[in-house]
Each structure stands twice: as structure tokens, then as C-alpha cells.
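Have the viewer open while you read.

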Amino acid sequence: MTEHTAPNATDEPTADRSKTAVVLLSGGMDSATTAYEAKSRGYDLYLLHTSYGQRTEDREYECARRLADDLDALDFLRVETGHLAAIGASSLTDEGMEV
């Protein structure tokens, strides 16, 4: 049996493996910081944005798209996950609650 270890943030790319990162980008400060940190460490970025029925989706998507442009992301993918709103009890998806 071969033992495998997960790479960590200090691993250098090998000749056959470039440094790439996939970042879940909401458009907010936390995910933007994560994406800029990855970029500053030399990672090529693939950015993923999800829409789960949140009332703030238009603003979040626009911010995420602008960040993707600014970061020169290799790709920016938007994924619809509206079915997650069924979990409920979130002010972001429930019109009856204040955000």
C-alpha cells in the first residue's frame, strides 16, 4: 500500500504540476481575502460562485464577477444550488426574516 499525504500551503509545484487553487467566491470579504491570498502565493485561480436562492444574489454575483476579473482567474463558474434553500432558517433565503 502506498501512503499519500495531502499537499500543504508551503508545497512547491513540480515540473508536471502547476500551482492551482479552487476558491469558493461569494463576493464577500472572507472569500475575497482567501482568493487574494492564494493569488499572492502564486496560485492560478479557478473561482466558483454559488447561487442558493439568497436575496442578495445579484449583488454577490456582481462582486464575485468583478473580483474574478481583477484576479485574472483562469475560470469563473457560477453554480445554481437553489435546492439548498429547502434547508431553511436563513435570513438570506427566507423572505419572512430580516437580513
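## Layout

How many helices and strands are there in the chain? There are two helices and three strands, counting DSSP runs numbered from the N terminus (H or I for helices, at least four residues; E for strands, at least two). From the N terminus on, they run β-α-β-α-β.

A word on the ground rules: this is a predicted model, where local features need pLDDT of at least 70 and side-chain atom pairs count only at pLDDT 80 or more, while totals for chains, interfaces and linings use all residues. Residues are numbered from 1 along each chain as its sequence is written, and side-chain values use heavy atoms, with hydrogens and water left out.

## The chain as a whole

Of the 99 residues in the chain, 21% are buried (buried means under 20% relative accessible area, exposed over 50%, partly exposed in between, with a 1.4 Å probe and protein chains only).

## Helix α1

Helix α1 covers residues 29–40, 12 residues in all, and reaches 16 Å from its first C-alpha to its last. That's close to the 16 Å expected, taken as 1.5 Å times one less than the number of residues.

Its buried residues are Ser31, Ala32, Ala35 and Ala38. They sit on the same side of α1 because they cover an arc of only 130° around the axis, going by the directions from the helix axis to the C-beta atoms. An α-helix has 3.6 residues a turn, so residues three or four places apart point the same way. The buried residues pack against β1 (20–24), β2 (44–51) and α2 (57–70). Over on the other side, Met29, Asp30, Thr33 and Ser40 are exposed. After α1 comes Gly42, with a positive phi near 95°.

## Leu71 in its loop

Leu71 is in the loop between α2 and β3 (75–80), yet it counts as buried, at 2% relative accessibility. Leaving aside residues up to four places away in sequence, Leu71 touches Ala35, Tyr36, Lys39, Leu45 and Leu47. Its C-alpha is 9.7 Å from that of Ala32, 39 residues apart along the chain.

## A nonpolar patch

Val22, Tyr46 and Leu74 make a nonpolar surface patch of about 300 Å². Tyr46 belongs to strand β2 and is partly exposed, with a relative accessible area of 36%. Patch residues have over 30% relative accessible area and no salt bridge; like charges are joined within 9 Å, nonpolar side chains (Val, Leu, Ile, Met, Phe, Trp, Tyr) within 5 Å. A salt bridge here is a side-chain nitrogen of Lys or Arg within 4 Å of a carboxyl oxygen of Asp or Glu.

Note on methods:
Contact means heavy atoms within 4.5 Å. Accessible areas come from the Shrake-Rupley method with a 1.4 Å probe; for residues, only the protein chains shown count as cover.
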